[in-house]
Amino acid sequence: MIDRVRRFIDEHRLLSVGDSVIVALSGGADSVALLHILNSIKEEYSLRISVVHFHHGIRGEEADRDMLFAKNFCESRDIPFYCGRADVPAEAAISGESVETCARRLRYCYFDELLDRIGGKLATAHHRDDNAETVLWNLTRGGGISGMSGIPVKRGRIIRPLLCVSREEIEAYCRENSLEYVTDSTNLSDDCARNIIRHRVMPVLRELNPSVGESVARNSQLMREADDYFKDISEKELNIAKTEYGYSCEQLLTLPEIVLKYAVKQVLENAGAPVDFLHIALIMKEMRSGGAVSLGGGFTAFCAQGVLRVVGNNAAEGDFCIPFSDYIKDHGARVVIRDGKLSLFDTDGDNSEKINNLLLKHGIPCDIISCNTVFRTRRAGDTFTDARRGVTKSLKKLMNEMKLPRESRDHIAVVADGSVILWMQGYGTSAQGRVDLSRDGEIIIMGVNHA
């Protein structure tokens, strides 16, 4: 078996010479075999091996036994040992997660912290039967192509060298090498979906096909290749559809439906929002008619003004109003105008005129700033006079014309004197706030993207 694992490692480039590898050791047969195999081949790869065990605060004395077994196993072989611990039941009660989900989150959180601290890769003992069970479980939940891809051979800093072998082969390896291991009693009961698949479904499937694990593994590889392909295509299409405030619905709706589904999923993942196939279907519907979809977790998908965007409840700060004199103490650059030019960029270079014009668009003359001038968010009755056309309109109408997302309008910064807007974030100065180059003086340059 060790030769098969070595070939699998090389085929998928899981290890490089000189790697530091942290083995996740639960104490079960799978992780014990993994540690023994990697320790056996460490010389040919010049590996630096250490072990991590995580105590979940579940199963009482049995969990303490597992931790002690893992520690003694490493000490007897002079392998560095790290141990994390958490009260998973208590944390799950607070977070509202299932105990299994919470345990996985806390376990991998500790693994990530350890990897950040000492570096290297994390090797877990998932095997071919684990992959088959995962695929079947995802199938019952409608996991799509991604779910049918099963357990990835590598993901970021995590590698899984045993995905090429079965549980039966692993247990045989432990017997042949006189390796002791412990058994988690929770794996023997049928009180969770994965155990039901393991104890009831898989035996029936093996009667139909003794090589079901291998068959599922081959299918998983095909699904993984398809999944990667659609991810690449959707990412390219999202780059094309990207707009200032989100993604063009018109552009995305030209895509084949499967690519569109992947694109919407990617938008949700990029925003850190929960991903659910029902939500994806609803979003695709709203992209055609316009509307919003509540995603849970404080996120909402908006399809308005032909733009798809995902916003969290805390995506922007609340209202603010600061005296402008206080604001400019720490923000804004002071620039002097002399002889019709900005002194900071008084050069004969090809770009000087463009630079001056850009800065002037966001410059406010100091001599028009009064004690009533404030840096704030919008208010009812605000007006804005376009400096180029001399047309005055409500700030609300200007924001409509700019197609600013409704959920962000209350967080756009403005400089105002009463209800007259002198400057607006993302647009520039108004007629009242415009700099006159014929007059020498000092101006304040506002940032384009103040928040």
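This briefing walks through charges, cysteines, backbone angles and a few spatial contacts in the structure above.

The model is predicted, so local features need pLDDT of at least 70 and side-chain atom pairs count only at pLDDT 80 or more, while totals for chains, interfaces and linings use all residues. Residues are numbered from 1 along each chain as its sequence is written, and side-chain values use heavy atoms, with hydrogens and water left out. The structure holds 27 salt bridges, and the disulfide count is zero.

**Ground rules for the terms**

- A salt bridge here is a side-chain nitrogen of Lys or Arg within 4 Å of a carboxyl oxygen of Asp or Glu.
- Buried means under 20% relative accessible area, exposed means over 50%, and partly exposed is in between (1.4 Å probe, protein chains only).
- Helices (H or I, at least four residues) and strands (E, at least two) are DSSP runs, numbered from the N terminus.

**Salt bridges**

- R65 and D66 pair up through their side chains, with 2.6 Å from N to O.
- On the R65 side the residue is partly exposed, at 36% relative accessibility, whereas D66 is buried at 4%.
- D227 and K231 form another salt bridge, at 3.2 Å from N to O.
- These two residues sit four apart in helix α11, so about one helical turn separates D227 and K231.
- D227 is buried at 3% relative accessibility, while K231 is partly exposed at 33%.
- E257 bridges to K261, and their closest N and O atoms are 3.9 Å apart.
- Both E257 and K261 belong to helix α13 (residues 257-271), where they are four residues apart, about one turn of the helix.
- K261 counts as partly exposed, with 39% relative accessibility.
- There is also a salt-bridge network, and it links D129, D130, E133, R167, R198 and R206.

**A negative patch**

- E225, D228, D232 and E235 make up a negative surface patch.
- Patch members have over 30% relative accessible area and no salt bridge; like charges are joined within 9 Å, and nonpolar side chains (Val, Leu, Ile, Met, Phe, Trp, Tyr) within 5 Å.
- Accessible areas come from the Shrake-Rupley method with a 1.4 Å probe, and for residues only the protein chains shown count as cover.
- D228, one of the patch residues, is located in helix α11, which spans residues 212-241.
- D228 is partly exposed, at 40% relative accessibility.

**Cysteines**

- No disulfides turn up, a disulfide being a pair of cysteine sulfur atoms within 2.5 Å.
- C74 is buried, with a relative accessible area of 0%.
- C371, on the other hand, is exposed at 75%.

- R59 is not a glycine, yet has a positive phi of about 75°.
- You'll find R59 in the loop between β2 (48-55) and α4 (60-75).
- R59 is partly exposed, with 27% relative accessibility.
- D78 also isn't a glycine, and its phi is positive too, near 55°.
- The loop between α4 and β3 (81-85) holds D78.
- D78 is exposed, with a relative accessible area of 70%.

**Sequence gaps and C-alpha distances**

- A24 is part of strand β1 (residues 20-24) and is buried at 14% relative accessible area.
- A24 and F111 are 87 residues apart along the chain, and 8.5 Å separates their C-alpha atoms.
- G18 belongs to the loop between α1 (2-11) and β1, and counts as partly exposed at 27% relative accessibility.
- F384 lies in strand β16 (residues 383-385) and is buried, with a relative accessible area of 2%.
- F384 and K397 are 13 residues apart in sequence, and their C-alpha atoms are 9.4 Å apart in space.

Technical notes. Lys, Arg positive; Asp, Glu negative; His and termini not counted. Charge placed at Lys NZ, Arg CZ, Asp CG, Glu CD.
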